[in-house]
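Please look over this model before reading on.

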Amino acid sequence: KSPSSDICIQDYIPTETGMVVRLRIDSKAIEIPLSLHGEHNSYNCAAALACAMSLGLSVELIAERLQFAQIPSGRMRIHRDLPANISVIDDTYNANPASMEVAFKVLKQLAENEHSIAVLGDMFEMGVNSNVHHHAIGCIAAKLGIDTVFSFGEFADEVVSGATKH
């Protein structure tokens with residue numbers, strides 16, 4: 001976001017299906033619609049743009065292709081096409097504490113007055129403190145106001161315990 005950068009994120013605007021990232025590249029303004037959610041993905045967009053530009057690709061081509069970027073299944077997948085004012089996030093594929101917290105924040109931002117549901121799987125590579133990290137994720141979900149938490153895997157009980165004790 002530094003004004004002196006070659007590529008500067010001016011803004012990101014959440015939309016129903018993702019966001020629009022407003023960038024300044026040198027002195028040129030550009031808007032890129034993305035089917036991704038969360039401010040962090042505006043930084044990913046800028047980084048991808050910088051890498052591709054360094055390889056000699058045109059800004060226009062990169063912007064066109066970034067519009068089709070997709071998140072892998074089980075990674076911060078937001079489902080809002082459900083009845084009865086429900087928003088669900090699927091974060092079941094080996095996330096980490098920081099990414100899950102971001103996912104919860106995005107879910108709450110998008111859900112506004114809807115019922116928010118997080119469906120979570122185990123976080124791998126957490127080492128000997130896996131149970132502590134999973135419990136903490138449950139606590140974070142509760143503190144951020146996620147209405148319902150479903151968890152599965154080896155550490156599901158820890159997540160649920162954290163979510164229900166706060």
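## Ser116

Ser116 sits in strand β6. Strands here are DSSP runs of E with at least two residues; helices are runs of H or I with at least four, and both are numbered from the N terminus. Ser116 is buried, because its relative accessibility is 0%. Buried means under 20% relative accessible area, exposed over 50%, partly exposed in between (1.4 Å probe, protein chains only).

Contact means heavy atoms within 4.5 Å. Leaving aside neighbours within four places in sequence, Ser116 touches Ser87, Leu107, Lys108, Ala111, Gly145, Ile146, Asp147 and Thr148.

## Basis

This is a predicted model: local features need pLDDT of at least 70, side-chain atom pairs count only at pLDDT 80 or more, and totals for chains, interfaces and linings use all residues. Residues are numbered from 1 along each chain as its sequence is written, and side-chain values use heavy atoms, with hydrogens and water left out.

## Helix α4

Helix α4 covers residues 130-143. Its 14 residues should span 20 Å at 1.5 Å a residue, and the end C-alpha atoms are 20 Å apart, which agrees. The expected span is 1.5 Å times one less than the number of residues.

Ser130, His134, Ile137, Gly138, Cys139 and Ala141 are the buried residues of α4. Their cover includes α3 (97-111), β6 (115-120), β7 (148-151) and α5 (156-164).

## Helix α1

The buried residues of α1 are Asn41, Ser42, Cys45, Ala46, Leu49 and Ala52. They pack against β1 (7-14), β2 (19-25), β3 (28-34) and α2 (59-66). Just after α1, Gly56 takes a positive phi of about 95°.
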